[in-house]
Amino acid sequence: MRKEILLEKIFEEIKVCKKCSLWKTRKNPVLGEGDPNSKIMLIGLGPGKQEDAEGRPFVGAAGKFLNKLLKLAGMKREGVYITNVMKCFLPQNKVAEEQIRACSPYLERQIEIIKPRVIITLGNVATDFIFEKFGLQKHKHSISKIHAQIFKVSTLVGELTIIPMYHPATALYNPGLKETLREDWMKVGKYLKLKGFI
Ligand code: SF4
């Protein structure tokens, strides 16, 4: 079955999902967007207010900064697939363990469908989740320690590169980090180009 159809099926499920309390405060669940055939998948935390209003990932201020970072790295937003760990609006921008447990099977299915060669995690929650899923527990540290480092794991469908990055919203709360993020994305862009991913 085509990837788009399989993803649409997940979207139909999250529209009516009540597996955690976040269904009560969502307007629109956000599945993800971009090229499902891309080798590169970006994973953030969850929808904010603007994302909830539009039903699309990374469309608020952090999303606008992410678009600039992608451009700096030599990537096009429409050339990657962007999603989140959580599919419904996080009113306090915080998530509980049980909410991650309830929602993450959707993300796992997205990863199975898209079969990315590179996963770029944005922020601590997405990084911790992906590191645990792919057996990188011993490398788990705060994003401030491991940002822009390259990790590789073997999977049933081949080698997977995992790159943890600061969440773009971090630079909005802490403008002093903007330059670090720019440098990180330029570095990662060069690496991905060298390896033929972009
Ligand atoms: S956040 Fe995930 S698990 Fe919770 S209601 Fe939304 S789709 Fe369901």
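Where is Val85 found? Val85 lies in the loop between strand E3 (81–84) and H4. This is a predicted model, in which local features need pLDDT of at least 70, side-chain atom pairs count only at pLDDT 80 or more, and totals for chains, interfaces and linings use all residues. Residues are numbered from 1 along each chain as its sequence is written, and side-chain values use heavy atoms, with hydrogens and water left out. Helices (H or I, at least four residues) and strands (E, at least two) are DSSP runs, numbered from the N terminus.

**Val85**
- Val85 has a relative accessible area of 0% and is therefore buried (under 20% relative accessible area, 1.4 Å probe, protein chains only).
- Not counting residues up to four places away in sequence, Val85 touches residues including Ile100, Cys103 and Leu107 (contact means heavy atoms within 4.5 Å).

**Helices H4 and H5**
- The axes of H4 (residues 97–114) and H5 (residues 124–133) come within 12 Å and cross at roughly 70°; axes are lines fitted to C-alpha atoms, for helices over the stretch in contact, and angles run from 0 to 180 degrees between N-to-C directions.
- H4 and H5 are therefore roughly perpendicular to each other (65 to 115 degrees).
- Ile100, Ser104, Leu107, Glu108 and Ile111 in H4 meet Val125, Phe129, Ile130 and Lys133 in H5.

**Helices H3 and H8**
- H3 (residues 61–72) packs against H8 (residues 178–194) at an angle of about 40°, with their axes 8 Å apart.
- On the H3 side the contact includes Phe65 and Leu66, and on the H8 side Trp185 and Met186.

How values were computed:
Angles under 35 degrees count as roughly parallel, over 145 as roughly antiparallel, 65 to 115 as roughly perpendicular and the rest as oblique. Buried means under 20% relative accessible area, exposed over 50%, partly exposed in between (1.4 Å probe, protein chains only).
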